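Visitor: I have a two-chain model on my screen. Could you walk me through how to read it?

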Amino acid sequence: MAPDLVRRLREETAARIAAHTDELTALDQAIGDGDHGFNMKRGFEAIAAAAEDLDALALGPALQKAGMTLVMKVGGASGPLYGSFLMAWGKAMTGDPPTREDFAASLAEGVAAVKKRGRSEAGEKTMLDVLVPVLDAITQAQGDPIAAARQAAKDGLETTRDMKATKGRASFLGERSIGHIDPGARSSALLVETVCDVLEENP
Amino acid sequence: MTDCVAIVIVSHSPEVAKGAADMVREMVGEEVRVAYCGGNSEGGLGTDVGAIQAAIRKVMGPKGVAVLVDLGGAETNSEMAIELMADELLGEVVLCDAPIVEGAVMAATEASGGASLDAVRSTAEEFLS
């Protein structure tokens with residue numbers, strides 16, 4: 001993996017989240033409390049600002065540190081959810097650079113941490129409806145895992161539209177949550193897409 | 001007094017957190033230690049893991065701490081805060097599944113009599129059931 005991978009991930013995730021803040025806010029206003037866009041922006045700006053600490057680290061420790069930054073800065077439920085995800089993912093990522101197997105096995109730990117933190121599974125209109133299919137796609141892909149991850153994120157995001165929320169603020173709406181894409185699933189899909197783009201910069 | 005369970009109130013809103021803590025002091029008195037926090041790290045609506053940890057540190061003791069939260073993110077952030085400070089806790093810290101204002105007052109009332117953390121939590125959680 002490219003030596004400047006951590007720097008590129010840090011810069012690009014912050015830029016994409018910033019570019020989509022209004023979209024995330026609008027989605028969250030429909031079925032949540034409308035703070036998801038700004039919370040994510042604040043969190044990823046804080047990660048982007050931690051350049052000196054992050055860029056010298058291997059990917060695993062960098063993910064852990066970025067996760068802790070989200071936990072401390074975000075202020076909404078997405079902080080501990082994304083924070084636990086990155087912390088568990090980074091902790092389990094042993095190889096430097098990680099092999100595809102390392103990447104998938106450690107990502108599985110990250111996804112498991114989200115399930116535990118949110119006491120949730122896929123199918124409940126959350127970020128897990130993107131992360132679980134993406135993990136499955138990477139683990140099972142016969143061909144290009146990056147292409148498989150992209151498609152899984154896109155498809156997973158779309159499945160949240162017809163789901164009824166049973167977790168988080170959207171669950172207060174019950175049936176009325178149906179017909180809206182989940183904002184957490186949207187931010188997850190956006191991040192998956194961003195990571196895929198950065199990974200493809202230096203094949 | 002450190003022989004009572006302490007109470008921590010975590011709301012998305014600093015005003016709600018302070019108001020709930022004021023009600024506890026008014027109705028239960030000063031013998032139960034109460035700390036509160038509300039708002040994200042920039043002062044907007046939300047919760048802040050660092051502030052939650054600071055509130056717990058301020059009142060924690062061997063009898064433990066009962067934490068009352070309002071909405072989803074406050075719960076998730078409080079769980080995260082407690083996990084991350086596991087090494088320094090002086091006693092057990094638990095979240096109560098109870099409405100924040102009523103739960104805090106009921107928990108503090110129970111705590112003021114010297115009850116255990118389990119009893120304090122049960123009293124708070126039974127309030128609406």
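Visitor: How many residues of chain B are in contact with chain A?
Guide: To read an interface, count the residues on each side. This is a predicted model. Here 15 residues of chain B contact 16 residues of chain A.

Visitor: Which helices of chain B supply residues to that side?
Guide: α2 (49–59) and α3 (72–84) of chain B each give at least two residues to the side that touches chain A. α3(B) contributes the most, with five residues.

Visitor: Now chain A. How many helices and strands are there in chain A?
Guide: List the elements first. Chain A has ten helices and zero strands. Read from the N terminus, the order is α-α-α-α-α-α-α-α-α-α. The radius of gyration of chain A is 16 Å, close to the 17 Å that the globule rule gives for 203 residues, so chain A is as compact as a globular protein of that length.

Visitor: What does the C-alpha trace of chain A span along its principal axes?
Guide: About 45 × 40 × 30 Å. Then look at burial and contacts. Buried residues are 54% of the 203 residues in chain A. Among contacts in chain A with a separation of 6 or more, 61% join residues 24 or more positions apart.

Visitor: Back to chain B. In which sense do β3 and β4 of chain B pair?
Guide: To judge a strand pair, look at the sense and the bridges. Strand β3 (residues 65–69) of chain B and strand β4 (residues 93–96) of chain B pair in the parallel sense, over four bridges. B:Val65 stands opposite B:Val93 in β4(B). B:Ala66 is opposite B:Val94 in β4(B).

Visitor: Which strand is joined to β3(B) by five bridges?
Guide: Strand β1 (residues 6–11) of chain B, and these two strands also run parallel. One pair to find on screen is B:Val10, opposite B:Val69 in β3(B).

Visitor: What unit do β3(B), α3(B) and β4(B) make?
Guide: Trace the path from strand to helix to strand. These three elements form a right-handed β-α-β unit. α3(B) is also the helix that gives the most to the side of chain B that touches chain A.

Visitor: What is the general idea about nonpolar side chains?
Guide: In soluble globular proteins, they tend to be buried together. The largest nonpolar core here has 101 residues. B:Ile7, B:Val8, B:Ile9, B:Ala66, B:Leu68 and B:Ala107 touch the most other members. Helix α6 (residues 78–92) of chain A gives the most to this core, with eight residues.

Visitor: What does B:Ala66 touch?
Guide: Skip residues up to four places away in sequence. B:Ala66 then touches, among others, B:Val5, B:Ile7, B:Val94, B:Cys96 and B:Ala107. The list also includes B:Leu117, B:Val120, B:Arg121 and B:Ala124.

Visitor: Where does B:Ala17 lie?
Guide: In helix α1 (residues 14–28) of chain B. B:Ala17 is buried, because 28 other C-beta atoms are within 10 Å. Beyond four places in sequence, its contacts include B:Ile9, B:Val10 and B:Ser11. B:Tyr36, B:Cys37 and B:Gly38 are also in contact with B:Ala17. B:Ala17 and B:Leu68 are 51 residues apart in sequence, yet 9.7 Å apart in space, C-alpha to C-alpha.

Visitor: Where is A:Arg119 found, and is A:Arg119 buried or exposed?
Guide: A:Arg119 is in the loop between α7 (100–118) and α8 (128–140) of chain A. A:Arg119 counts as exposed because it has 10 C-beta neighbours inside 10 Å.

Visitor: And is A:Lys125 buried or exposed?
Guide: Count again. A:Lys125 is also in the loop between α7 and α8 of chain A. A:Lys125 is buried, because 28 other C-beta atoms lie within 10 Å.

Conventions:
Residues numbered from 1 in each chain as written. Chains lettered and ligands numbered in written order. Predicted model: local features only at pLDDT ≥ 70, side-chain atom pairs only at ≥ 80, totals over all residues. Rg over C-alpha atoms; globule rule 2.2 N^0.38 Å. Buried ≥ 20, exposed ≤ 12 C-beta atoms within 10 Å, placed from the backbone. Contact = placed C-beta atoms within 7 Å. Pairing = 2+ DSSP bridges. Right-handed = clockwise from strand over helix to strand, strands pointing away. Core = buried A, V, L, I, M, F, W, Y, C linked by C-beta atoms within 7 Å.
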